[in-house]
Amino acid sequence: DDFTTFSIMRKSQYLTWPDELLESFCNDLLEAENKGWNLIMEKYARMMESTNPGEYKALEKDLPVINEDRKKIQEEIIKIQVGWMEDFAKLYPKLSGNMRTIHTSSDTSFNTSYETYLRGELCTYSEKTMILYASFIIGLLNAGRNLAIEVMGYTAKLYGFDSLLEAEQKQA
């Protein structure tokens, strides 16, 4: 319900992505639109598997099937990204205290964790986008980079801070 926040969050994420991944994801969005499929609805429906299992059961039959190999790849990516978010939370506890909780184990019908949100989002990517995204994550991991810190660095700058440290220090 807050377009400014939504825009900053998405820009922060996409500023970290390589062009080929952005192009593939853009094609996913265009293809979904051409087919009349709502990827946002799919993402939120998939998150309900954890946050509202009863309603998820009613929606599950209408969602595209994700095969087991794909699920394994997604879960490995999620494990890496959850680790990065845990590291971010240790370095920037005030900022992280204003964000989603990290783990699916803390999900409720009123709280969707970072892990669950990421899982829902990854399920909406085409096979090509998923392969490119997995490659992107592995490349960051191999380079010793932390995507959570990079995304949040852009977020801080888009909110007008000079750095994550400044944003952390200005939190109540």
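Cys 123 is buried, at 12% relative accessibility. This is a predicted model, and every value below is computed from it. Cys 26 is partly exposed, at 40% relative accessibility. A disulfide needs two cysteine sulfur atoms within 2.5 Å. By that rule the count is zero disulfides.

Now turn to the charges. Side chains of opposite charge can pair when their charged atoms come close. With a cut-off of 4 Å between side-chain nitrogen and carboxyl oxygen, the count comes to 13 salt bridges.

Take Arg 70 and Glu 127. Their side chains meet in a salt bridge, 2.7 Å from N to O. The pair links distant parts of the chain, 57 residues apart: Arg 70 lies in helix H5, Glu 127 in helix H8 (residues 127-142). Buried or exposed, where does Arg 70 fall? Arg 70 has a relative accessible area of 5%, so it counts as buried. Glu 127 has 48% relative accessibility, so it counts as partly exposed.

Helix H5 also holds a local pair. Glu 68 forms a salt bridge with Lys 71, and the closest N and O atoms are 3.5 Å apart. Both residues sit in helix H5 (residues 68-91), and because they are three residues apart, about one helical turn separates them. Lys 71 is partly exposed, with a relative accessible area of 37%.

Another bridge joins Lys 170 to Glu 166, with the closest N and O atoms 3.6 Å apart. Lys 170 is exposed, at 57% relative accessibility.

Finally, look for a network. Salt bridges link Arg 10, Lys 43 and Glu 121 in one.

Note on methods. Residues numbered from 1 in each chain as written. Predicted model: local features only at pLDDT ≥ 70, side-chain atom pairs only at ≥ 80, totals over all residues. Heavy atoms only, no water. Buried < 20%, exposed > 50% of the residue type's maximum accessible area, 1.4 Å probe, protein only. Helix = DSSP H or I, 4+ residues; strand = E, 2+ residues; numbered from the N terminus.
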